[in-house]
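Colleague: I would like to go through this model with you slowly, one question at a time. Could you bring it up, please?

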2 protein chains.
Amino acid sequence: MTLHVDVDRLMNRIDELGRIGAVLGPNGERGCARLALTDADRAGRDLVVAWMRDLGLVVEIDEIGNVFATRPGTEPDLAPVMTGSHIDTVPTGGRFDGNLGVLAGLEAVETLLAAGVETRRGVTVAFFTDEEGARFPPDMLGSLVYVGGLPLEEALDIAAVDDGARVGDELQRIGYAGARPVGALFPHAFVELHIEQGPILEDEGVTIGVVEGVQGISWTELILTGRSAHAGTTPMRLRRDPLLAASRIVDGVRAIADEIGGDQVATVGRFEPHPNLVNVVAQSVTLTIDLRNTDETVLQEAERRFADLVGAVCAGEGVTAERRTLARFEPVEFDPSMVDRVEAAARALGHSTRRMASGAGHDAQMLARVCPTAMIFTPSIDGLSHNIAEDTHPADVAAGADTLLHVLLACANS
Amino acid sequence: MTLHVDVDRLMNRIDELGRIGAVLGPNGERGCARLALTDADRAGRDLVVAWMRDLGLVVEIDEIGNVFATRPGTEPDLAPVMTGSHIDTVPTGGRFDGNLGVLAGLEAVETLLAAGVETRRGVTVAFFTDEEGARFPPDMLGSLVYVGGLPLEEALDIAAVDDGARVGDELQRIGYAGARPVGALFPHAFVELHIEQGPILEDEGVTIGVVEGVQGISWTELILTGRSAHAGTTPMRLRRDPLLAASRIVDGVRAIADEIGGDQVATVGRFEPHPNLVNVVAQSVTLTIDLRNTDETVLQEAERRFADLVGAVCAGEGVTAERRTLARFEPVEFDPSMVDRVEAAARALGHSTRRMASGAGHDAQMLARVCPTAMIFTPSIDGLSHNIAEDTHPADVAAGADTLLHVLLACANS
């Protein structure tokens, strides 16, 4: 008989954790605001750690506040298999982002315990500090430090964007400055269940996203400067309008995405003219360009086309451009055998699957630096995330958690 | 011998008035902030009224605070000829906008007095309340009420955008709630000297702008609504991006101006995406479109093309549009014989001239409703106005004031 998680128990935990820092919407939406290392985050951590202890798991906290709860295996010399995600949220977040992965991991372990199923390797359920980066940039901070991507001392010294408090002080304050050295032990393998945070699975009617990797990201800030002028008294031929140039760049950025096709996405999300008045030709416009692709070569091609576009548009309107790189990450490829294992587990459970890349960053991309890693996506209703209306159907939650359970089982016995 | 103004005396008065509410720039710019009916406006009014009284002029203040200073003519039964403008400024204004017209009028009268030149009609120098509308919308308030375009009681009840104070109360407070009924007496003719506030005269090396009228204005606010989405997880085919649609409208608005040509100007000056974040496809964008033309038929054609543009762009991106008219004024045509008189006076003085439309609004367009009216423009350095760097060369000030003097002389003896 195939093992299944108890989806009601899992949904109840998602709801209970979501009540800490709850943000209620006008139409009954149940969102969540638990920014990293705040009092709300402490309350959420305390609740999840209590659940972990109730199951008899061995709970360890490391120096950056990451929490690891392990059910030991029958062969203690073998490295455990790990799952996990994060429980911090953005200021107007949902109940599922991150939380689903942590609580589904806990549910998988409870299912094994309840069924008396033992595994050769231990199974560890982790939650990582400050994945969102909303209070302490950069995002994925806890997992980055865990895998050695940022020195601990630097991370502890990061100041909060809201109140300037330091990571190290806040960890002490909320009681999560642990003793376990960061990077003390890496798992045999890592798998993370997460909501898709996008519309693809819902749009295609697919239940399980088999995540092959994470898109590379290129963020550029552009400041275009022209000549401010009176909208009534300045003839068109004497204008150097940075708002017009910025608009042509927005249109050209869409054309780049369309021409490259495939997974390429390209977005202008910020657009700020100065002085931003109805009857004044702007002096300058600040805009940001977000380019993403799973293929580093193609991403570089998109960047080249973007640079050409900016040059041509600015020359045409007599506008100057200053550029600044805000972020640049190469694509991450997950371990092919782990990806195959996710696909096989989902299909064995009878779920439809689709291979895809993650458009957003996740703790799993950090873990991929130190062990074979993969991710499982479940559909997001209307593709919404970082939004109080973020939601996933319980049947999809069950499918995702069952898939996680069986991937963990397979890894823990390998 | 041809009569000339004393440009040093005029420049000294411009400087002295400009010291009240002075705003100094980092590079020595001498700007001005005297918003209507503030303490600074009172101080400016008191200074100009003192100058008027020093010249022995008959000073009257009407119920909306417009000030009229008259040098009587030799035939008291004839209506006087009037010149004037305003002395209020925007928060970061210059010393010339409005002030030049009032002080050049005073200088013309002083020149007549000094030369012992009498005129059949009286000559009145006026300044009108709250031309800028920066503190009490709408702009040109005092002249609008004077010509009967807005009932006095309504105007007195307008609240300040900064502190909510009412026009009527502020007039009382600063001592400029006058007794002369608004619209009690209209002049025989009106001529206003003003800086161009645009780059055309400087660009073409012309000294005097002969203003034939004021452009019609059509201001529209557009709110485009699409679907907010994650920039990384949302494929291009599933996007409904209002920032892209807004950008295409900006580009299309420029194309409308280019296609219509002539005097047509078209500007998008405000552009505000929500939520305006680097990694989020916007939910909505608010933008404004400013269309101006001297020909009402052509302006309507521009509005039709704009409506078609919005429809086509929004349909293409699956975005909805809400439209609101923020302002709509038909073009104003000045009196052809007055315009001829301005041109003849400038040419007789040996100045280069160019017929043109005013792209900005002026008190003269209100006066044009009640008497033959025209305007004289002098060049603005770099086309700047509503800017602390606003400036005009003294030689151009002299040319403008001399032209004004001779137009007033001709009208006052007709």
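Colleague: Between which strand and which helix of chain A is the loop that holds A:Pro138?

Modeller: Before I answer, note that this is a predicted model, in which local features need pLDDT of at least 70 and side-chain atom pairs count only at pLDDT 80 or more, while totals for chains, interfaces and linings use all residues. Residues are numbered from 1 along each chain as its sequence is written, and chains are lettered from A and ligands numbered from 1 in the order in which they are written. Helices (H or I, at least four residues) and strands (E, at least two) are DSSP runs, numbered from the N terminus. The peptide bond from A:Pro137 to A:Pro138 is cis, with omega near 0°, and the loop holding A:Pro138 is the one between β6 (123-127) and α4 (141-146) of chain A.

Colleague: Is A:Asp130 buried or exposed?

Modeller: A:Asp130 is in the loop between β6 and α4 of chain A, and it has a positive phi of about 55° although it is not a glycine. A residue is buried if 20 or more other C-beta atoms lie within 10 Å of its own, exposed if 12 or fewer, and partly exposed in between, with C-beta atoms placed from the backbone. Because A:Asp130 has 32 C-beta neighbours inside 10 Å, it counts as buried.

Colleague: Which part of helix α9 of chain A do its buried residues line?

Modeller: Helix α9 (residues 296-317) of chain A has 22 residues and reaches 32 Å from its first C-alpha to its last, close to the 32 Å expected at 1.5 Å a residue, where the expected span is 1.5 Å times one less than the number of residues. In α9(A), the residues A:Leu299, A:Ala302, A:Phe306, A:Val310, A:Val313 and A:Cys314 are buried. Seen down the axis of α9(A), these fall within an arc of 90° (the arc of the directions from the helix axis to the C-beta atoms), so what they line is one face of the helix.

Colleague: Which residue follows α9(A)?

Modeller: The face of α9(A) turned away from its buried side carries exposed residues, including A:Thr297, A:Arg304 and A:Asp308. After the helix comes a residue whose phi is positive, near 65°, and that residue is A:Gly318.

Colleague: What kind of axis relates the two copies?

Modeller: Copies are superposed by least squares on the C-alpha atoms of residues with pLDDT of at least 70 in both. A rotation of 180° with 0.1 Å of shift along its axis superposes chain B on chain A, with an RMSD of 0.1 Å. The two copies are therefore related as by a two-fold rotation axis.

Colleague: Which element supplies the largest share of the side of chain B that touches chain A?

Modeller: Two residues are in contact if their C-beta atoms, placed from the backbone, lie within 7 Å, and by that rule 48 residues of chain B are in contact with 49 residues of chain A. Several elements of chain B each supply at least two residues of this side, among them α7 (200-204), β11 (265-274) and β13 (284-293). The largest share, nine residues, comes from α8(B).

Colleague: How far apart are the C-alpha centres of the two domains of chain A?

Modeller: Chain A is divided into domain 1 (7-214 + 331-412) and domain 2 (216-329), with bounds that come from an automatic or database domain assignment. Four residues of domain 1 of chain A are in contact with eight residues of domain 2 of chain A. The C-alpha centres of these domains lie apart by 36 Å.
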